[in-house]
Amino acid sequence: MSGTTMRIDGSEGVTRRRFIAGTGSILGAVTLSAQALPATAREQSTAAAGPIGDGARVPVLIIGTGYGGSVAALRLAQGGVDVHMIEMGMAWDTPGSDGKIFAHTTSPDGRSYWLRTKTKQPLSNFLGFPIDKTIPRYTGILDAEEMGGIIVYQGRGVGGGSLVNGGMAVTPKRENFGAILPSVSADEMYSTYYPRANAGLGVSAIDPAWFDGVDCYQYSRVGRKHAQRSGFPFIFVPGVYDWDYMKQEAAGTVPKSAVSGEILYGNNYGKKSLQKTYIAKATATGKVTISPLHKVTSVRPASGGGYTVVIEQLDTGGTTTATKSVTADKVFFAAGSVGTSKLLVKLKATGALPNLNGEIGKGWGDNGNVMCGRANHMWDATGKVQSAIPTGGIDNWAAGGAFAEVAPLPTGIETYASFYLSITKNPNRAAFSWHAAAGKVELNWQTAWKQPSIDAAKTIFDKINSKEGTIYRTDLFGTYKIWGDHLTYHPLGGAVLNKATDNYGRLHGYSGLYVIDGSLIPGNTSVNPFVTITALAERNIEKIIATDL
């Protein structure tokens with residue numbers, strides 16, 4: 001297959017808390033003031049019935065509104081079950097004073113980060129200058145959570161990671177699936193649940209002829225040329241962007257979002273996030289309500305059956321304004337790999353759910369994420385206009401353990417740089433544990449554990465650099481630092497399927513408690529993970545509805 005262009009059937013999922021950096025901040029972009037933020041009173045218009053009330057009783061409570069939680073909510077509602085979803089972030093349905101719901105990638109403001117007073121951009125430097133800036137503290141869309149020597153980027157808001165990822169909707173190659181979820185039938189996933197997930201997510205493929213001619217994918221065509229000249233296959237990857245809308249963006253007939261570089265802090269127009277797909281269908285049933293700016297702090301068995309769930313209501317400064325206690329007959333943990341794992345580890349250690357088994361918190365991985373840039377020759381310009389939605393990858397998984405997205409660097413200027421996020425076969429797994437003295441959950445990841453990812457990525461980029469006579473960029477992640485080995489967009493594991501749970505996500509030790517998100521997947525999916533998370537949730541909820549409800 002060397003030197004050929006292939007198309008993957010299916011979808012490439014990015015839970016990427018996406019890595020397109022706000023490099024344009026060094027280009028004179030101005031940080032928006034707090035006045036750009038939506039009015040607190042207006043911003044949460046989501047759930048029809050309003051936020052959950054103290055003392056409420058619900059048949060099903062779902063913690064989180066990302067991929068797994070949204071699948072569960074829709075299918076339960078279609079089955080006639082009333083569902084309440086709890087979301088720590090905002091609803092993201094009201095524009096700020098600039099008329100936009102989401103802040104621009106190159107002009108981060110309070111909307112951009114979850115309760116930070118300074119940005120924490122994936123690319124910390126550009127042309128030798130640090131680019132992070134002061135912002136108002138706010139319940140913004142991107143959480144850059146630092147733990148155990150790694151920054152974990154996570155989406156905060158109704159729609160979870162779908163709000164901030166690049167929308168690459170990749171179904172793993174079937175021959176790799178056994179290593180991803182060994183206890184799950186590949187036959188049923190590829191015949192039923194991957195197709196169902198791709199349909200539900202609105203996955204589609206770019207028009208290759210349009211790709212070949214449009215300015216905004218010059219960077220990707222350069223990436224394709226370099227991959228193929230070194231004998232690597234370049235693969236078109238499907239996505240959840242509205243390609244017809246992007247064509248209009250490029251033609252200048254509609255407001256621009258992807259073509260304007262919007263991605264890291266949300267996309268205002270063309271991306272089909274969960275708000276537009278699973279969540280829209282779920283709320284349309286009339287059976288699903290959502291409480292944004294609510295955070296679950298405790299789940300324990302209730303004396304009369306079901307579970308007592310303690311929930312804190314937050315304001316947009318992150319302050320708790322109310323504490324509520326509700327009862328749920330069944331609880332689904334869907335707060336993402338980090339959120340679900342941290343909550344379960346805390347509940348087990350502090351005695352709220354002492355019968356959870358010893359696998360809770362284990363098997364966590366970073367999907368082998370590592371980033372790098374290459375400095376191209378002047379004849380290989382990558383374009384000053386770059387679509388923020390990646391559409392192509394370099395596949396060296398079988399030979400070198402790496403799949404690399406050809407990624408945008410939407411700075412608004414010509415950089416002559418090729419940029420990549422690699423997903424690699426990294427065997428290292430971390431564990432969450434309760435630190436009683438500090439009263440918090442910690443992760444024992446070590447930065448040195450990224451070395452296998454760097455080694456795998458080098459199987460692609462050392463060869464390309466040698467062939468092209470190019471070098472690595474050393475100005476993106478610090479001073480003279482080649483590899484972005486300090487972060488992940490794809491946290492996975494911590495409540496692994498068939499270990500912490502049974503083979504359908506039922507938590508051992510407690511009837512009526514389920515895990516249905518990326519924490520079920522042990523650390524690696526070989527590609528962007530959101531389609532696999534969605535497909536697994538489709539599989540599991542179908543079984544749970546048939547047998548448990």
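**Labels and their cut-offs**

Reply: The face of α7 turned away from its buried side carries Asp-244 and Ala-251, which are exposed, a label given over 50% relative accessible area, whereas buried means under 20% and partly exposed lies in between, with a 1.4 Å probe and protein chains only. This is a predicted model in which local features need pLDDT of at least 70 and side-chain atom pairs count only at pLDDT 80 or more, while totals for chains, interfaces and linings use all residues. Residues are numbered from 1 along each chain as its sequence is written, and side-chain values use heavy atoms, with hydrogens and water left out.

Me: Which residues of α7 are buried, and why are they said to line one face of the helix?

Reply: In helix α7, residues 243-251, the buried ones are Trp-243, Tyr-245, Met-246 and Glu-249. Seen down the axis of α7, these buried residues fall within an arc of 150°, so they line one face; the arc is taken over the directions from the helix axis to the C-beta atoms. Their cover includes α5 (208-213).

Me: What makes α4 roughly perpendicular to α12?

Reply: The axes of α4 (residues 186-201) and α12 (residues 530-548) cross at roughly 110° and come within 8 Å. Angles of 65 to 115 degrees count as roughly perpendicular, under 35 as roughly parallel, over 145 as roughly antiparallel and the rest as oblique, and that makes α4 roughly perpendicular to α12.

Me: Which classes of residue make up the contact of α4 with α12?

Reply: The contact of α4 with α12 has 9 nonpolar, 3 polar and 5 charged residues, where contact means heavy atoms within 4.5 Å. Ala, Val, Leu, Ile, Met, Phe, Trp, Tyr, Cys and Pro count as nonpolar, Asp, Glu, Lys and Arg as charged, and the others, Gly among them, as polar.

Me: Why are α6 and α11 called roughly perpendicular?

Reply: Helix α6 (residues 218-229) and helix α11 (residues 451-468) pack at about 90°, with their axes 9 Å apart, and they are therefore roughly perpendicular to each other. The contact is made by His-226, Ala-227 and Arg-229 of α6 and Ile-464, Lys-467 and Glu-468 of α11, which by class gives 2 nonpolar, 1 polar and 3 charged residues.

Me: Is Asn-367 buried or exposed, and what is its phi?

Reply: Asn-367 has 0% relative accessibility and therefore counts as buried. Its phi is near 60°, a positive value in a residue other than glycine, and Asn-367 lies in the loop between α9 (336-349) and β13 (370-375). Most residues other than glycine have a negative phi.

Me: What makes Tyr-480 exposed, and how do you know that Thr-474 is partly exposed?

Reply: Tyr-480 has 73% relative accessibility and so counts as exposed, and its phi is positive, about 55°, although Tyr-480 is not a glycine. Thr-474 has a relative accessible area of 29% and is therefore partly exposed. Tyr-480 is found in the loop between β19 (471-472) and β20 (487-488), where Thr-474 also has its place. Not counting residues up to four places away in sequence, Thr-474 touches Thr-479, Tyr-480, Lys-481 and Ile-482.

Notes
Axes are lines fitted to C-alpha atoms, for helices over the stretch in contact, and angles run from 0 to 180 degrees between N-to-C directions. Helices (H or I, at least four residues) and strands (E, at least two) are DSSP runs, numbered from the N terminus.
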